[in-house]
Amino acid sequence: MGKKLLRAGKVVVVLAGRYAGKKAIIIKTFDEGHGERKFGHCIIAGLERGPKKVTKRMGAEKVKKRSSVKPFIRAVNYNHILPTRYQVELDLKKLPVKDKDGKEGESVNIDETTLKDKSTRDLARKALKTAFMEGYDAFDEKKEGKGKVGEHYFYTKLKF
């Protein structure tokens, strides 16, 4: 695939593997390959389980539960993703990790080394969950533009 087509922030659909049919956002690309992977690949973060439909009749607790997401993070070959026309304006390269108190502690860089170690991968997944939840909650306040259309597409379930 072309270098211009696959950039950070592009919404893609995963075509193969455990997360086939799920939407994701490209975080970082490696066109010439890097390290163990000698082929063109990218690091993606996506929604394993997205937010569900919410109505006015539901209480605040139920709305909070149905609005939660379950993220995943993965390195994927370019041949196994389908780029869409949508772009998202979420910065996912360096994410702050929040404590149970809600205070921001250390931050996680999402790159090749993050995927190797289980503890850093779990920290990155927690940071992604908070970033995706904040993006979903702040979605209504955003102004019109390419980013808003892309985020709407990203958070809706793929129908096929």
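Two strands pair if DSSP finds at least two bridges between them. Strands here are DSSP runs of E with at least two residues, helices are runs of H or I with at least four, and both are numbered from the N terminus. By these terms, eight bridges join β3 to β4, and the two strands run antiparallel. I44 stands opposite R74 in β4.

The model is predicted, so local features need pLDDT of at least 70 and side-chain atom pairs count only at pLDDT 80 or more, while totals for chains, interfaces and linings use all residues. Residues are numbered from 1 along each chain as its sequence is written, and side-chain values use heavy atoms, with hydrogens and water left out.

Take the whole chain next. Its secondary structure comes to four helices and seven strands. From the N terminus on, the elements run β-β-β-α-β-β-β-β-α-α-α. The chain has 160 residues, and 39% of them count as buried. Buried means under 20% relative accessible area, exposed means over 50%, and partly exposed lies in between, with a 1.4 Å probe and protein chains only. Contact means heavy atoms within 4.5 Å. Of the contacts in the chain with a separation of 6 or more, 60% come from residues 24 or more positions apart.

Now the sheet. Strands of a sheet pair through backbone hydrogen bonds, either parallel or antiparallel. Five strands form an open sheet here, in the order β4-β3-β2-β1-β5, and the pairing is antiparallel. β4 (70-77) and β5 stand at the edges with a single partner strand each, so one side of each is left without a neighbour in the sheet. On average, neighbouring strands of this sheet are turned by 35° against each other, direction ignored.

Walk through the pairings. Strand β1 (residues 10-14) is joined to strand β2 (residues 23-30) by three bridges, and the two run antiparallel. The bridge partner of V11 in β2 is I25. Six bridges join β2 to β3, again antiparallel. There, K28 has I43 in β3 as its bridge partner.

How enclosed are the strands at this end? In β3, seven of the nine residues are buried, so β3 is largely enclosed by the rest of the structure. In β4, six of the eight residues are buried, so β4 too is largely enclosed by the rest of the structure. Helix α3 (residues 118-137) packs on the sheet, where α3 touches β2, β3 (41-49) and β4. The direction of α3 makes about 120° with that of β4; axes are lines fitted to C-alpha atoms, for helices over the stretch in contact, and angles run from 0 to 180 degrees between N-to-C directions.

Next come the cores. In soluble globular proteins, nonpolar side chains tend to be buried together. A nonpolar core is a set of buried Ala, Val, Leu, Ile, Met, Phe, Trp, Tyr and Cys residues joined through side-chain atoms within 4.5 Å. The largest one has 29 residues, and those with the most contacts inside it are L92, I110, L128, F132 and F154. β1, β2, β3, β4, β6 (94-98), α3 and α4 each supply at least two residues of this core. α3 gives the most, with six residues. A second, separate core has 12 residues, including V12, I26, I44 and I81.

Rings of Phe, Tyr and Trp (its six-membered ring) pair if their centres lie within 6.5 Å; planes under 30 degrees apart count as stacked, over 60 as edge-to-face and the rest as tilted. By this rule the count comes to five aromatic pairs. The rings of Y86 and Y153 have centres 4.3 Å apart and planes at 25°, so this pair is stacked. Y86 lies in strand β5 (residues 81-87) and Y153 in helix α4 (residues 146-155), so the pair ties together parts that are 67 residues apart in sequence. Y86 is buried, with a relative accessible area of 17%. The charged end of K23 sits over the ring of Y153, 3.7 Å from its centre; for this, NZ of Lys or CZ of Arg must be within 6 Å of the ring centre and within 35 degrees of the ring normal. F132, Y136, F154 and Y155 form one aromatic cluster.

D91 lies in the loop between β5 and β6, and counts as exposed at 58% relative accessibility. D91 and G9 are 82 residues apart in sequence and 7.7 Å apart in space, C-alpha to C-alpha. E106 lies in strand β7 (residues 104-109) and is exposed, with a relative accessible area of 53%.
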